[in-house]
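Here are my notes for a first look at this model. Please read them with the structure open.

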Amino acid sequence: MKARLYSKIPLAQTIVALCEAKGVFHIVISPGSRNAPLTIGFSEHPEMNCYSIVDERCAAFFALGIAQQIKKPVAVVCTSGSALLNYYPAISEAFYSDIPLVVLSADRPIERIDIGDGQTIRQKNVFENHILYSANLYSEVVAETKIEDIRVQQKQREAQKHNEREINLALNKSIEEKGPVHINVPFYEPLYDKLTSPTSIPKNIHVEYPLHHISDDLQSEMISAWNLAKRKMVLIGVNSPGMVHQKWIKDLAKDPSVLVVTETTSNLHHSSHINCIDQLITSLTEEEFKALQPDILLTFGGMIVSKRIKAFLRNYQPKSHWHIDSKKAYDTYFCLTEHIKLSPNEFFLEFLSKTELQKSNYKSFWISVRDQRRNRHKEYLDKILFTDLKVFETIFNKIPDSQMIQLGNSSTVRYAQLFSINSSFKVFCNRGTSGIDGSTSTAIGAAIASNTPTILITGDLSFFYDSNALWNDYIPSDFKIIVINNSGGGIFRILPGKEESSNFNTYFETTHCLTAQHLCKMFGFEYHVAHNQEEVIQGIQKMYENNNLPQLLEIFTPRKENDSTLIGYFKYFV
């Protein structure tokens with residue numbers, strides 16, 4: 001058995017040892033020199049799962065995808081300088097999506113900053129607006145001979161204690177509060193020296209999870225208000241599959257005064273849910289909006305995709321808005337009255353058993369409207385020509401059961417919102433910041449961490465923007481991508497104020513004639529193409545016939561017809 005090696009630098013040993021102690025076993029490393037002590041320490045550890053991703057932006061989203069699935073911190077390691085800044089998009093996504101990410105950035109010693117030394121920037125607290133904790137460590141001089149000076153020895157001990165404490169605090173914060181932390185690690189040269197046994201055995205400060213509860217008075221007040229209200233809306237945002245017990249969903253469904261509204265990313269299904277929000281509310285009159293206006297709005301989960309539901313609740317505010325989340329509550333609708341710092345399961349366990357069913361036609365009325373909308377939806381889809389909308393219908397009908405679906409942002413996730421998704425699908429999307437920049441990288445990381453067959457559905461701009469995501473050796477052989485190529489940013493064509501002009505085409509829609517075919521050849525994907533409905537069906541079938549090689553289906557849709565078809569869709573409900 002190969003002997004394990006350690007970096008000679010005690011600080012690198014300390015970081016690796018504390019990551020091990022806290023269960024951080026997935027490490028995404030981007031090649032560099034200054035981070036060599038960390039690379040040596042992690043890659044030589046027999047229990048660490050290390051990945052080499054050259055592009056730091058892709059590396060961070062790749063790590064985010066892993067963390068999204070395992071619900072534990074994943075570390076990213078980079079060299080000094082601008083490499084670190086490429087992590088920022090994924091860090092901001094992790095910050096707003098509550099995904100634990102540990103950023104380990106190598107740095108020059110502090111006296112080398114801003115003196116013209118190569119590959120140096122001001123790395124201290126560089127992510128301060130979107131980070132849970134920034135640990136700025138002291139650098140160490142590793143002498144060839146033992147230092148006899150007592151004062152120097154004391155300073156080294158103090159530096160080690162400071163570093164141990166800061167590393168512990170950062171890692172614990174990421175675990176406790178589920179979000180990104182940054183540990184900046186300055187190293188002196190030499191960087192590549194190794195030892196066969198460690199010289200640092202750091203103290204592990206154990207994680208302490210905060211305990212929250214509802215006061216008896218507040219709970220009593222909320223139960224009384226709930227039992228009196230005849231119109232209660234439960235709106236669920238981004239939610240991982242299986243995170244909320246089905247018992248609570250069934251209990252809520254029994255109450256005729258409770259209307260549960262979900263999104264594609266909610267991953268919760270029941271026959272009484274309003275699961276296509278925009279389908280329901282797009283064509284409502286003022287009188288109907290008032291009838292939908294809830295007395296109590298109860299929310300949980302992450303970000304809401306639908307702009308229409310946000311506009312509705314801001315204009316027709318409930319008397320009370322309660323948000324259930326152990327960490328934070330956004331005042332999205334400008335009427336937040338209570339933030340209950342519990343998980344949904346903890347809250348419902350304490351709350352629902354003490355509530356009473358209220359006689360009301362609130363749910364039954366809106367379920368009947370929903371069913372009418374579903375019939376109109378089917379009528380419209382049956383008669384339209386081949387466009388983006390028709391393509392999404394076909395995709396969701398033809399993808400096999402029990403897939404993990406990673407959705408790209410912008411048009412892709414919004415189209416997905418219009419369909420009743422198969423309840424066996426597990427749906428994810430980077431909705432923290434809603435950027436198009438790392439969808440592919442995230443999907444690949446998620447596919448690696450999950451045992452579920454994974455397909456990414458994405459638009460062309462998002463795919464090409466993140467094409468370096470394919471530049472790694474870890475893509476599962478059964479991983480699949482569908483690229484819907486409408487030759488530009490199709491979402492801009494449906495926005496108000498759009499004018500057909502060269503200025504619009506260049507700077508907003510960004511029209512292009514690119515294809516994924518050559519990228520597939522370069523990165524070892526089997527390529528399929530579709531230009532019509534029949535070819536889409538055939539392409540999906542072919543993709544799922546082969547799990548020995550990653551597959552990509554590129555679907556070309558008519559650029560100028562997509563927006564009119566979608567606009568016509570919403571007019572059809574009037």
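1. Start with two tyrosines. Y380 is buried, and Y569 is buried too; buried means under 20% relative accessible area, exposed over 50%, and partly exposed in between, with a 1.4 Å probe and protein chains only. This is a predicted model, where local features need pLDDT of at least 70, side-chain atom pairs count only at pLDDT 80 or more, and totals for chains, interfaces and linings use all residues. Residues are numbered from 1 along each chain as its sequence is written, and side-chain values use heavy atoms, with hydrogens and water left out.

2. How many aromatic pairs are there? The count is 23. Rings of Phe, Tyr and Trp (its six-membered ring) pair if their centres lie within 6.5 Å; planes under 30 degrees apart are stacked, over 60 edge-to-face, the rest tilted. Y380 and Y569 form an edge-to-face pair, with 5.8 Å between centres and 65° between planes. This pair links distant parts of the chain: Y380 lies in helix α12 (residues 362-383) and Y569 in helix α20 (residues 562-571), 189 residues apart. Helices (H or I, at least four residues) and strands (E, at least two) are DSSP runs, numbered from the N terminus.

3. Now take F392 and F396. Their ring centres are 6.2 Å apart and their planes meet at 40°, so this pair is tilted. Both residues belong to helix α13 (residues 388-398); being four residues apart, they are separated by about one helical turn. F392 is buried, as is F396.

4. W226, F300, W322, F347, F348 and F351 form it.

5. Two charges sit over rings. The rule asks for NZ of Lys or CZ of Arg within 6 Å of the ring centre and within 35 degrees of the ring normal. The charged end of R376 is over the ring of Y572, 3.9 Å from its centre. For K480 over Y544, the distance is 5.0 Å.

6. Check the backbone as well. The peptide bond from E189 to P190 is cis, with omega near 0°. P190 is in the loop between β7 (180-186) and β8 (194-195).

7. Two asparagines deserve a look. N125 has phi near 55°, a positive value in a residue other than glycine. N125 is in the loop between β5 (101-107) and β6 (133-136). At 28% relative accessibility, N125 is partly exposed. N267 also has a positive phi, about 55°, although it is not a glycine. Is N267 buried or exposed? N267 is buried, at 9% relative accessible area.
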